Amino acid sequence: MVGYKQLTKTDYVQGVISQNRSVLARAITLVESIHVDHRDLADCVLTNLLPYAGKARRIGITGVPGVGKSTFIETLGKRLTSMGHRVAVLAVDPTSTRTGGSILGDKTRMQELARDPAAFIRPSPASGTLGGVARATRESMVLCEAAGYDVILVETVGVGQSETTVAEMVDFFLALMLPGAGDELQGLKKGLIEIADMIVVNKADGVTKTAAKRAASEYMRALHILRPVSPNWTPSAYTCSALNGDGLEDIWRGIETHRSIFTDSGELVGKRREQRVRWMWSMIQDRLINIIENNQSIQKIANTLENEVMEDQITPGMAVAKIIAAINFE
């Protein structure tokens with residue numbers, strides 16, 4: 001449809017609606033851009049595409065490195081496309097805090113799914129964003145939904161950062177765990193279990209099959225002690241093997257049951273409304289930071305204040321007040 005010329009609002013909107021994968025990829029690049037010149041066009045494109053979005057299943061998937069997130073997502077994605085679904089995977093890659101670079105290797109790790117015409121994989125750098133999710137993940141979900149993808153899978157960096165952000169932007173939050181619960185129920189994992197809609201113990205095959213079942217039983221006991229986030233849903237623990245697909249049918253059935261219950265109760269509508277408000281506030285935070293980072297006069301003030309804070313000459317609170325005053329002045 002359109003080559004690598006500069007695209008107009010109409011090009012973006014029509015390209016996404018017509019399910020042009022190249023235009024969709026460029027639209028995601030547009031909304032990810034931090035350049036002020038791209039902001040108005042991105043907002044305009046998103047506004048025009050909102051009526052075509054909002055009907056997909058939004059599923060967040062998290063877990064520690066090595067738990068098999070990519071294998072799980074690829075196996076689940078292939079099963080869903082074989083059922084007639086169109087699947088978009090928004091895979092967030094770790095960004096180096098030293099270099100700013102990211103690996104962006106999810107297409108390499110999901111080769112079979114990447115070749116599936118009913119699937120779309122988009123790796124994006126986390127860029128230091130809290131919650132293990134890319135800055136423009138919400139916008140990317142809207143674009144993928146408008147392009148006709150009815151299942152959106154958001155793969156997060158892992159549990160090293162606050163996963164609350166992810167749970168608040170999806171309809172269903174799934175936490176993948178390794179066999180052998182034990183200490184995993186302590187500390188950070190406890191916080192993760194409290195916000196998960198489903199716990200899945202992966203690698204329930206071979207020598208770890210028994211350990212996986214035992215871990216799932218421990219998680220079930222923990223889930224029964226915790227107070228559910230929703231009065232309409234009690235989270236459960238499952239086992240699966242991402243390698244051979246065992247257990248995926250039950251897991252997907254559970255996800256569909258959750259959607260049916262939340263739709264019938266009206267809770268899904270309320271959840272989506274809350275998601276949009278959180279989206280607004282996250283954009284406010286992004287743009288305030290963008291103003292500070294891109295305004296030279298404010299940067300000079302901020303640099304001076306940083307030194308004063310380090311030398312204990314003023315409190316961090318006083319420094320924040322001065323920066324906010326500088327923003328208001330600008």
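Analyst: Accessible areas come from the Shrake-Rupley method with a 1.4 Å probe. In this predicted model, the accessible surface of the protein chain comes to about 16,600 Å². Carbon and sulfur atoms hold 54% of that surface.

User: How many helices and strands does the protein chain have?

Analyst: The chain has 14 helices and seven strands. Of its 330 residues, 48% are buried.

User: How do I read a pair of aromatic rings?

Analyst: Use the distance of the centres and the angle of the planes. A search of the whole structure gives two aromatic pairs. In one of them, Phe120 and Tyr149 have ring centres 6.0 Å apart and planes at 40°, so this pair is tilted.

User: Which parts does the pair of Phe120 and Tyr149 tie together?

Analyst: Phe120 is in strand E3. Tyr149 is in the loop between helix H7 and strand E4. The two parts are therefore 29 residues apart in sequence. Both Phe120 and Tyr149 are buried.

User: What about Phe172 and Trp233?

Analyst: Their pair is edge-to-face, with 6.4 Å from centre to centre and 70° between the planes. Phe172 belongs to strand E5, and Trp233 to the loop between helix H10 and strand E7. That links distant parts of the chain, 61 residues apart.

User: Is Trp233 buried or exposed?

Analyst: Buried means under 20% relative accessible area. Trp233 has 12%, so Trp233 counts as buried. Phe172, at 2%, is buried too.

User: Which charged end sits over the ring of Tyr149?

Analyst: That of Arg86, 4.1 Å from the ring centre.

Key:
Residues are numbered from 1 along each chain as its sequence is written. This is a predicted model: local features need pLDDT of at least 70, side-chain atom pairs count only at pLDDT 80 or more; totals for chains, interfaces and linings use all residues. Side-chain values use heavy atoms; hydrogens and water are left out. Rings of Phe, Tyr and Trp (its six-membered ring) pair if their centres lie within 6.5 Å; planes under 30 degrees apart count as stacked, over 60 as edge-to-face and the rest as tilted. Helices (H or I, at least four residues) and strands (E, at least two) are DSSP runs, numbered from the N terminus. Buried means under 20% relative accessible area, exposed over 50%, partly exposed in between (1.4 Å probe, protein chains only). A charge sits over a ring if NZ of Lys or CZ of Arg is within 6 Å of the ring centre and within 35 degrees of the ring normal.
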